[in-house]
Each structure stands twice: as structure tokens, then as C-alpha cells.
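The sequence and the structure come first.

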Amino acid sequence: MLFRSFFILSGFVISWSSNRTKAPEPFTSYFLKRAARIYCVWTAAAVAMFLIAWAEKGQIVYEPAERWLGNFLMLQDWKPAKPAVICTPIYGNSPLWSLHYEWWFYMLFPAVLRLVRESWRSGIVGVSAIGHAIVYAWLPNPISRLFMYLSIWWIGVHAATTLRARGKVRLVDLALPLLCVFGTALPGLFTTARWLQNERGLSPGLHPILEVRHCLSAIAVVLTAFAWRGSGWWGFSHIVAPFAVLAPISFSLYAIHYRSIAQASYLSFLGNPLMETIFYSTVTLAFCCFSELVLYPKIRSWLRLGGS
């Protein structure tokens, strides 16, 4: 559910920061801000992963040129779990599958703002997602999958638009995007039933259940958030607030942690898992602080970018 939460929060933040005025932000400015944010950290992470792989193997580890190109264009996805994947993340950094969606959500967002009337946007995005889900059920393809997941991201966009217009967000205000996400899950449910009827193997972590689970868990995230708000955010200060210190480096931590901590082995010769984990974590935090607190601000300054 972590990635679905991130998608929804990302949609909220992008919508909130991009629509401070009636007129949409110029695309050039918007694109440069998003590209600087994504590619600054991605490039630093790619260099770090190259060095980690070199240290672990004792020699330079080459990734195919087409995989580098696919990742640079943000086309990577999780091939073991989904059909019709263009390429896998470089150096086996599987969590980066979601960065593919995040980038293309960023690119689709201004197009929707310019081409669709505000009152129709959530409906158009939702109907498009359902249509793509129907196509995907019969002919899996990466474009349909992208538009299916856009409906999850758009929950956050809709919430931000509602909050700016009304000063508050009620669960009923999110009925339209939530129903559209549910509708997006239905073709996958029919596909799952058909697979069961044909006695094909199924797993919660694999297609077709995976995409259904992503849609339904996004709805569960929203319902849980409203229930939690109804309880006065009980326990928030103890459960979530302590992690606020990591917020300034959260993106780079997401981008590198799998290879730099979870799957790292370049210090395995120490023979002490605790010492290895402490060192891996220290190096990772240093990398994250450099990439987000030093490198990224310098690039923003060089590009003369204003607020996000």
C-alpha cells in the first residue's frame, strides 16, 4: 500500500503546487522543475548503483544500452510481475518501477489541465482509465496500464482541487475518483475469474491480481485516512511524525535504498551483519544528503528555477 499512498500524495502535492493561480503554469517551467527533481536524483543514484555493482563484483558491471535508454526515458517496470514490460530497472533496483509511472503522470497532468474543462477532468481521467482497463484485460500493454494507474494518482489531484475550492475535503467529495478506480479494477477481476475457471496459476503479487490489488488498496488507503482523521489522527505523532526528519531526503532514499542497503553485499567480507547494515545505512544517508541537500539545490539554482 506504500506506493499507492505515495501516488495519491504525489498527485495532491503536484496539483496543489501547480495550480496556485487560475492560469496553468507554463509548460517549460513546469517541465524543467519536474525534470530537475527527478533526473538529478536519478542520475546520482545511477552512478551510485554502478559503483556498488563494481565494488560487489570486483569488476565493471555493464548494463545493456537499451536498458539504460529505457530507464533514462522512464519506461522501466517490474517485469516478473507484469506483462508487456518494456524494460527492467537498471542494476536490479526493482522499486524504481514506480518512478516510471510518476514521471509520466507528471507529463500527463498539464495536458489534462489544458485540454479538459476543470469540472470534467476527474470524470475524463476515470472513464479513460476504465476504458484502458478493459483493453488491458484482453491485450496487456504499458500505455493502458499507465492510464489505469493515473486514476489512482488523480485521487490526490481531485482532493487538492477540492481543498483549494472549498477549504476542506470530505469522503463524499472523493466519490467520483474512488468509483472510477473501483471501475478500473473490475476488468481485472473478470480476468482473474477467467483464469480461475481455466485453472491457471494465480498469485497476489502477479498479474492479473496485482493490478486489481493496486486499485483496491488505493481505495483502502483513502478510507483508512478518513477513518484515521475521524479518530483525531490518534497515534500520528508516534507513528508518522518521527519519520519527518527523513522528508528532505525521502526521494533519494527511495531511489537507492534497495541497492545500497537491502541488497548490498560489498562489505560481506566483514562477516558481521549488524556492522554491515550500520555502514550501509551511514553511506546511504550521506549519499541522500549530498544528492538532495547539495546537488539538487545547485541544479535548481543553475536552471534558475523558482518554487516547486
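## Cavities, pocket and helix packing

Helix H4 supplies the largest share of the lining of the second largest cavity, with four residues. The model is a predicted one. The second largest cavity holds about 50 Å³ of space. Its lining consists of Ser18, Asn19, Pro24, Glu25, Tyr30, Phe109, Pro110, Leu113 and Arg114. By class, these divide into five nonpolar, two polar and two charged residues.

The structure has two cavities of 30 Å³ or more. The largest cavity has a volume of about 90 Å³, and 14 residues line it. Nearest the centre of the largest cavity are Tyr136, Met148, Pro187, Gly188 and Glu211. Helix H5 (121-138), H7 and H8 each give two or more residues to this lining. H7 gives the most, with five residues. The lining of the largest cavity is made up of nine nonpolar, four polar and one charged residues.

The largest pocket has a volume of about 2100 Å³. It is lined by 48 residues, and those closest to its centre are Leu2, Ser5, Phe6, Leu9 and Ser10. H1 provides the largest share of the lining of the pocket, 11 residues. Helices that each supply at least two residues include H1 (2-18), H2 (27-57), H4 (97-115) and H6 (142-166). H8 (209-230), H9 (236-239) and H10 (250-262) also each supply at least two residues. The classes in the lining of the largest pocket are 35 nonpolar, nine polar and four charged residues.

| Space | Volume | Lining by class |
|---|---|---|
| Largest pocket | about 2100 Å³ | 35 nonpolar, nine polar, four charged residues |
| Largest cavity | about 90 Å³ | nine nonpolar, four polar, one charged residues |
| Second largest cavity | about 50 Å³ | five nonpolar, two polar, two charged residues |

### Helix pairs

Two packed helices are described by the angle between their axes and the distance between the axes. H6 and H8 pack at an angle of about 10°, and their axes are 10 Å apart. An angle under 35 degrees counts as roughly parallel, so H6 and H8 are roughly parallel to each other. On the H6 side, the contact is made by Met148, Tyr149, Ile152 and Ile155. On the H8 side, it is made by Glu211, His214, Cys215, Ala218 and Val222. This contact has seven nonpolar, one polar and one charged residues. Two of its members, Met148 and Glu211, are also among the residues nearest the centre of the largest cavity.

For H2 and H3, the packing angle is about 155°, with the axes 12 Å apart. Because angles over 145 degrees count as roughly antiparallel, H2 is roughly antiparallel to H3. Tyr39, Trp42 and Ala46 of H2 meet Trp68, Asn71 and Phe72 of H3. The contact of H2 with H3 has five nonpolar residues, one polar residue and no charged residues.

### Tryptophan 68

Tryptophan 68 lies in helix H3, which spans residues 65-72. Leaving aside residues up to four places away in sequence, tryptophan 68 touches Trp42, Ala46, Glu63, Ile90 and Tyr91. Trp42 and Ala46 belong to H2 and take part in its contact with H3. Tryptophan 68 and valine 135 are 67 residues apart in sequence, and their C-alpha atoms are 29 Å apart in space.

### Backbone features in loops

The loop between H3 and H4 contains methionine 74 and alanine 84. Methionine 74 is not a glycine, yet its phi is positive, about 60°. Methionine 74 counts as buried because its relative accessibility is 0%, and the cut-off for buried is under 20%. Alanine 84 likewise has a positive phi, near 55°, in a residue other than glycine. Alanine 84 is partly exposed, with a relative accessible area of 33%.

A cis peptide bond runs from histidine 207 to proline 208, with omega near 5°. Proline 208 is found in the loop between helix H7 (175-197) and H8.

Terms used
Residues numbered from 1 in each chain as written. Predicted model: local features only at pLDDT ≥ 70, side-chain atom pairs only at ≥ 80, totals over all residues. Heavy atoms only, no water. 1 Å grid on protein atoms, 1.4 Å probe; cavity = no way out; pocket = protein on both sides within 12 Å on 5 of 7 lines; lining within 4 Å. Points joined across faces, edges and corners; volume = space filled by probe spheres on them. Nonpolar A, V, L, I, M, F, W, Y, C, P; charged D, E, K, R; others polar. Contact = heavy atoms within 4.5 Å. Axes fitted to C-alpha atoms, helices over the stretch in contact; angles between N-to-C directions. Parallel < 35°, antiparallel > 145°, perpendicular 65-115°, else oblique. Buried < 20%, exposed > 50% of the residue type's maximum accessible area, 1.4 Å probe, protein only.
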